[in-house]
Amino acid sequence: MILRALENSEFDMVDAVHRAAFASTSFGYQGEAELVRAIHADGDALVSLVAEVNGRIVGHALFSIMDVEADGGPLKAAGLAPVGVLPEMHGTGIGSALIVRGLELLRASGTQISFVLGHPDYYPRFGYSAQVASRFASPYSGPHFMALLLDKGVQLPESGRARYAPAFGPER
């Protein structure tokens, strides 16, 4: 498996991955492919990785810019969404590898915190925590809204707010 940056010529392949990945979930396809294109078009993609097996793109993960404030000051932040793996490749570690590599690249770039809105049984294995996210005002607060401090020098704030990139919609 090769993990590498998404190339501009590969959006159709990534679209197909997300459509297949999310069609197989209980909530169905929710427009993840369009979200990937919009985030890239807006210039809000921080890390956009594909997983390639035998020359075929089988997974994708995107971390985008977030507007985050903690105790009145800004934090350099990234939102993880979407992550998709072809259904026939589930359980092979591709999604985990994409997330781990993305987090490594974010740390190296000086990103201080990452948020995800996802399954509370999956994302804690990477260090994401609903308890950390609970300090940040968001319309998505609750057990599915999680955060991970990437910079060990950043203290957990008393309060803050977290907003996703504009492509996610006006409510974020």
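## Helix H1

In this predicted model, the buried residues (under 20% relative accessible area, 1.4 Å probe, protein chains only) of helix H1 are Phe11, Val14, Asp15, Val17, His18, Ala21 and Phe22. Viewed down the H1 axis, they fall within an arc of 160° and so line one face of the helix; the arc is taken from the directions from the helix axis to the C-beta atoms. Asp12 and Ala23, on the other side of H1, are exposed, that is, over 50%.

The buried residues of H1 pack against H2, S2, S3 and S4, with contact meaning heavy atoms within 4.5 Å. Helices (H or I, at least four residues) and strands (E, at least two) are DSSP runs, numbered from the N terminus.

## H1 against H2

The axes of H1 (residues 11–23) and H2 (residues 32–41) come within 8 Å and cross at roughly 140°. These axes are lines fitted to C-alpha atoms over the stretch in contact, with angles from 0 to 180 degrees between N-to-C directions.

## Helix H3

The buried residues of H3 are Ile94, Gly95, Leu98, Ile99, Gly102, Leu103 and Leu106. They cover an arc of only 165° around the axis, which puts them on the same side of H3. Their packing partners include strand S3 (56–70) and strand S4 (73–85). After H3 comes Gly110, with a positive phi near 90°.

## Basis

Residues are numbered from 1 along each chain as its sequence is written, and side-chain values use heavy atoms, without hydrogens and water. Local features need pLDDT of at least 70 and side-chain atom pairs count only at pLDDT 80 or more, while totals for chains, interfaces and linings use all residues.
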